[in-house]
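Open the model in your viewer and keep the selection tool at hand. Each stop below names what to pick and what is there.

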Amino acid sequence: MDRDRFARIAVVIATFVLAPVLLEMLAWYIEGEDYNLSRALTVLAVVGGLAVIALVAGRIRGKLPVMLVGAMTVASVGGLALGFVAGFGPVLWNRSISGELLGLSLIGIAAFTALTGSYLLLQFRRGLYVPHLEATAVPSPTTTKRKVIGESEILIRTQPEISNALEKALGSCVSVIDQEDLHFVAYFGPEGCAFYTDVLDDADLRHFFHATTPEKRRITYLRLGRQLDWLGHRLDTHLRFLESGTVIRTVLDVERGALFHYWVDHGRYLIGVTLDQRKVDIADDKMAKLVDLIRGHFTLPPINQRARPEPGAGNIRAIKKDEPWPESGS
């Protein structure tokens with residue numbers, strides 16, 4: 001739901017409920033007739049509170065920690081205020097709070113907290129911070145075209161207009177997409193996903209799809225990409241104390257394939273996917289080279305200059321069967 005709708009809800013509440021009550025109170029004041037002022041103020045307070053909650057909900061929608069703290073704060077402040085008035089009202093003002101008003105107010109506070117908690121639990125089951133990422137996500141690419149390279153039919157989706165540098169980056173991504181190993185690549189910039197390209201519709205990959213479709217996977221990959229980028233930023237806040245720089249590569253090596261998140265530059269990153277568990281290393285190497293190609297399009301130096309050991313080499317040495325283990329000192 002768009003946050004502007006919450007603002008409209010608040011306006012509707014004020015117009016259809018608060019306005020008649022205020023007009024009735026004004027008429028009562030002018031004509032000097034008897035009017036139950038306490039009941040009118042109660043209605044105004046309850047309806048005004050609902051309008052404020054509707055308006056505030058639109059501003060904090062999807063930010064789970066803020067919603068949780070907001071719910072706890074509102075509940076605690078309301079409970080303290082009602083408890084103070086109920087406990088000290090007869091002493092300080094020679095009057096006590098109405099039992100009906102106290103009960104209705106406590107029910108309202110409890111209902112607000114319960115609804116917020118239920119919403120949070122529901123969203124936690126979907127995935128931490130997913131509502132925030134969905135609420136802040138920009139529209140996905142919609143301009144679609146297909147290109148056949150060799151035996152692969154490649155899907156390309158972009159925003160309606162992209163720059164020359166992004167056109168070059170798109171060409172680099174299309175050049176590494178292959179039905180054999182790297183099956184999906186998406187590029188994200190400061191304005192969100194600029195383009196993605198894949199071979200998920202290829203007939204040779206149908207055996208990877210059982211309960212999902214290529215289109216559902218594309219949507220999920222874009223969401224996971226935003227989640228991984230969000231987590232990378234949070235890790236950077238801790239890693240800066242170690243002087244280790246930015247997280248430039250995150251790999252989710254799952255049971256069937258892998259998902260890669262590669263940092264390109266501030267506000268720019270790549271998402272890559274392979275569906276074949278046997279080709280994870282090959283797809284990973286392709287993504288590393290692709291990042292350096294794209295950084296070149298933006299006149300940036302290479303960043304993924306990692307070396308792999310030659311087959312049969314490395315830092316692993318053989319241990320003789322009769323060689324004693326060194327003491328650990330523990």
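How many residues lie between β3 and β4 in their hairpin? There are 2 residues between these two strands. Before selecting them, note that this is a predicted model, where local features need pLDDT of at least 70, side-chain atom pairs count only at pLDDT 80 or more, and totals for chains, interfaces and linings use all residues. Residues are numbered from 1 along each chain as its sequence is written, and side-chain values use heavy atoms, leaving out hydrogens and water.

**Whole chain.** Show everything first. The chain holds 8 helices and 7 strands. Helices (H or I, at least four residues) and strands (E, at least two) are DSSP runs, numbered from the N terminus. Of the 330 residues, 35% are buried, meaning under 20% relative accessible area with a 1.4 Å probe, protein chains only.

**The sheet.** Now select the strands. An open, antiparallel sheet takes 7 of them in the order β1-β2-β4-β3-β7-β6-β5. Two strands count as paired if DSSP finds at least two bridges between them. Go to the edges: β1 (143-149) and β5 (249-253) each have a single partner strand, so one side of each lacks a neighbour in the sheet.

**Strand β3.** Select residues 184-189. β3 pairs with β4 (residues 192-198) over 6 antiparallel bridges. Pick Val185: its bridge partner in β4 is Thr197. Another 5 bridges join β3 to β7, again antiparallel. Here Tyr187 has Leu270 as its partner in β7.

Turn on side chains. In a regular strand they alternate between the two faces of the sheet. Phe184, Ala186 and Phe188 point one way from β3. Val185, Tyr187 and Gly189 point the other way. Buried or exposed? All of these residues are buried.

**Asp181.** Finish in the loop between α6 and β3, where Asp181 sits. Asp181 has a relative accessible area of 8%, so Asp181 is buried. Show Lys286 too: a polar contact of 2.8 Å joins the two side chains. A polar contact is a pair of N or O atoms within 3.5 Å; within protein, one must be able to donate a hydrogen and the other to accept it, and residues adjacent in sequence count only if both atoms are side-chain atoms. Beyond its neighbours within four places in sequence, Asp181 has contacts (heavy atoms within 4.5 Å) that include Val176, Val273 and Ile282.

Key: Buried < 20%, exposed > 50% of the residue type's maximum accessible area, 1.4 Å probe, protein only.
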